[in-house]
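Welcome to this tour! Open your viewer, get ready to select residues by number, and follow along one stop at a time.

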Amino acid sequence: MEHDARSVANELLRRAKDAGEPVTHLKIMKLVYFCHAWMLGLYHEPLQVQPIEAWRYGPVVRDVYRSLRRYGSEPINHPISVEPEEYNHTQKDLIDQVWEIYGKYTARQLSAMTHAPGTPWHQIWYERGESAVIPDPLIEEYYSDLYEQSTRDS
């Protein structure tokens, strides 16, 4: 079942609050992206309904951006006003893992990860330009390959 990306953002904001970790708009945007990307790469199904676009500072979900832009670079201190959604066990576990793995990085570090050569953002940004949609199949293939490569290397 696909979710509103703003609800995914709220799930991450809750984990950040529980951990006592302030998060900024840019950081939450990247974490939402990684949740969706890894859901596609590992389970071959999307986590959210909204498309991801290639913006200057990386992948962005326009609805999440609009909901949080008022914070600028300040920590987000309230959840987004959106209907709460139920997540299945796999989805909750994936969001937990994304928080555990990526939550320790700064917004700039996360942005650098999404800008690396060959990433879906990088491909779309240089092929189609700003605000172009990053297709889910491209994200899925990239993260599926990344996972397969990591299992071969370990």
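Which residue takes a positive phi just after helix 2? Keep that in mind as you look around; what you have on screen is a predicted model.

**Stop 1: helix 2 and what follows**

Select residues 25–43 to bring up helix 2. Its end C-alpha atoms are 27 Å apart, which agrees with the 27 Å that its 19 residues should span at 1.5 Å a residue. Now show the surface around helix 2: 16 of its 19 residues are buried, so the helix is mostly covered.

Next, select H44, and you have the residue we were looking for: its phi is about 60 degrees, a positive value, just after helix 2. Most residues other than glycine have a negative phi. H44 is not a glycine, yet its phi is positive. H44 sits in the loop between helix 2 and strand 1 (52–55). With a relative accessible area of 48%, H44 is partly exposed.

**Stop 2: another positive phi**

Jump to S131, a residue other than glycine with a positive phi near 75 degrees. You will find S131 in the loop between helix 6 (120–128) and strand 3 (132–134). S131 counts as partly exposed, because its relative accessibility is 32%, between the 20% and 50% cut-offs.

**Stop 3: the salt bridges**

Side chains of opposite charge can pair when their charged atoms come close. How many salt bridges does a search of the whole structure find? The search finds six, and we will visit some of them.

Start with D4 and R6, whose side chains meet in a salt bridge at 2.6 Å, N to O. D4 counts as buried at 12% relative accessibility, while R6, at 23%, counts as partly exposed.

Move on to R14 and D18, a salt bridge whose closest N and O atoms are 3.5 Å apart. Why are R14 and D18 separated by about one helical turn? Because they are four residues apart in helix 1 (residues 5–19). R14 is partly exposed at 40% relative accessibility, and D18 is exposed, with a relative accessible area of 59%.

Now select R15 and D96, which form a salt bridge with their closest N and O atoms 2.6 Å apart. This pair links distant parts of the chain, since R15 is in helix 1 and D96 is in helix 4 (residues 89–102), 81 residues apart. Is R15 buried or exposed? R15 is buried, with a relative accessible area of 8%, whereas D96 is partly exposed at 34%.

Finally, show E11, R14, R15, D18 and D96 together: they are linked in a network of salt bridges.

**Stop 4**

Rolling a probe the size of a water molecule over the atoms shows where empty space is left. The largest pocket holds about 290 Å³ of space. It has 15 lining residues, and those closest to its centre are H25, L26, Y57, Y65 and G72. Helix 2 returns here, giving four residues, the largest share of the lining. By class, that lining has seven nonpolar, four polar and four charged residues.

Notes. Residues numbered from 1 in each chain as written. Predicted model: local features only at pLDDT ≥ 70, side-chain atom pairs only at ≥ 80, totals over all residues. Heavy atoms only, no water. 1 Å grid on protein atoms, 1.4 Å probe; cavity = no way out; pocket = protein on both sides within 12 Å on 5 of 7 lines; lining within 4 Å. Points joined across faces, edges and corners; volume = space filled by probe spheres on them. Helix = DSSP H or I, 4+ residues; strand = E, 2+ residues; numbered from the N terminus. Nonpolar A, V, L, I, M, F, W, Y, C, P; charged D, E, K, R; others polar. Buried < 20%, exposed > 50% of the residue type's maximum accessible area, 1.4 Å probe, protein only. Expected span 1.5 Å × (residues − 1). Salt bridge = Lys/Arg side-chain N within 4 Å of Asp/Glu carboxyl O.
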